[in-house]
Amino acid sequence: MATTPDVLRNRIRSLVVAAPFSYREAVSSDDFSLQGSGSSDAVFRCVISGGTSIGGFSYSEDRTDVLELEVARHIAADYVATFHTLVGDCNSLLAAIIRDGHQTSGLYTVPDDGRDWAISAPTGASYLTLRLTVPLNYEAQV
């Protein structure tokens with residue numbers, strides 16, 4: 001099976017919905033605005049966008065695409081605890097993604113450069129969101 005952005009996206013999605021995370025996928029891949037107000041806890045969305053590529057031999061290329069994984073957590077009247085929970089989610093998700101790529105699947109690697117994360121509260125929302133940005137490097141066929 002050829003490694004493609006869809007294969008990687010599905011691989012990451014399978015990590016996030018399985019234990020120990022057991023998150024639910026968002027109704028929309030655009031944002032969390034269509035989630036019901038009571039169903040915004042431990043909900044995620046996962047998007048991969050194209051990045052750089054370096055051509056190789058025999059129609060192969062070395063690609064580095066960018067994964068954006070967002071997780072929403074309901075504040076439940078304790079902003080600080082929710083923030084700390086999302087920081088823990090960030091560390092655990094990043095470790096799981098790195099281990100999966102390097103050890104479990106062997107389909108991709110996660111370069112050191114380009115990783116980023118942020119936690120924010122959308123205006124008027126009752127949840128906080130973690131946005132984790134992770135570069136995924138893999139070999140693809142053209």
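Trainee: Which of the 29 residues in the largest nonpolar core touch the most other members?

Mentor: Leu 93, Ile 97 and Leu 136 do. Such a core is a set of buried Ala, Val, Leu, Ile, Met, Phe, Trp, Tyr and Cys residues joined through side-chain atoms within 4.5 Å; buried is under 20% relative accessible area, exposed over 50%, partly exposed in between (1.4 Å probe, protein chains only). This is a predicted model, where local features need pLDDT of at least 70 and side-chain atom pairs 80 or more, while totals for chains, interfaces and linings use all residues. Residues count from 1 along each chain as its sequence is written, and side-chain values use heavy atoms, without hydrogens or water.

Trainee: Which element gives the most to this core?

Mentor: β5 (127-141), with 7 residues. α1, β2 (43-55), β3 (60-74) and α2 also give two or more each. (DSSP runs, numbered from the N terminus: helices are H or I, at least four residues; strands are E, at least two.)

Trainee: What does Ile 97 contact, beyond its neighbours within four places in sequence?

Mentor: With contact meaning heavy atoms within 4.5 Å, its partners include Ile 12, Leu 15, Tyr 108 and Leu 136.

Trainee: Is Ala 77 buried or exposed?

Mentor: Its relative accessibility is 85%, so Ala 77 counts as exposed. Ala 77 lies in the loop between β3 and α2, with a positive phi of about 65 degrees. Ser 22, at 47%, counts as partly exposed.
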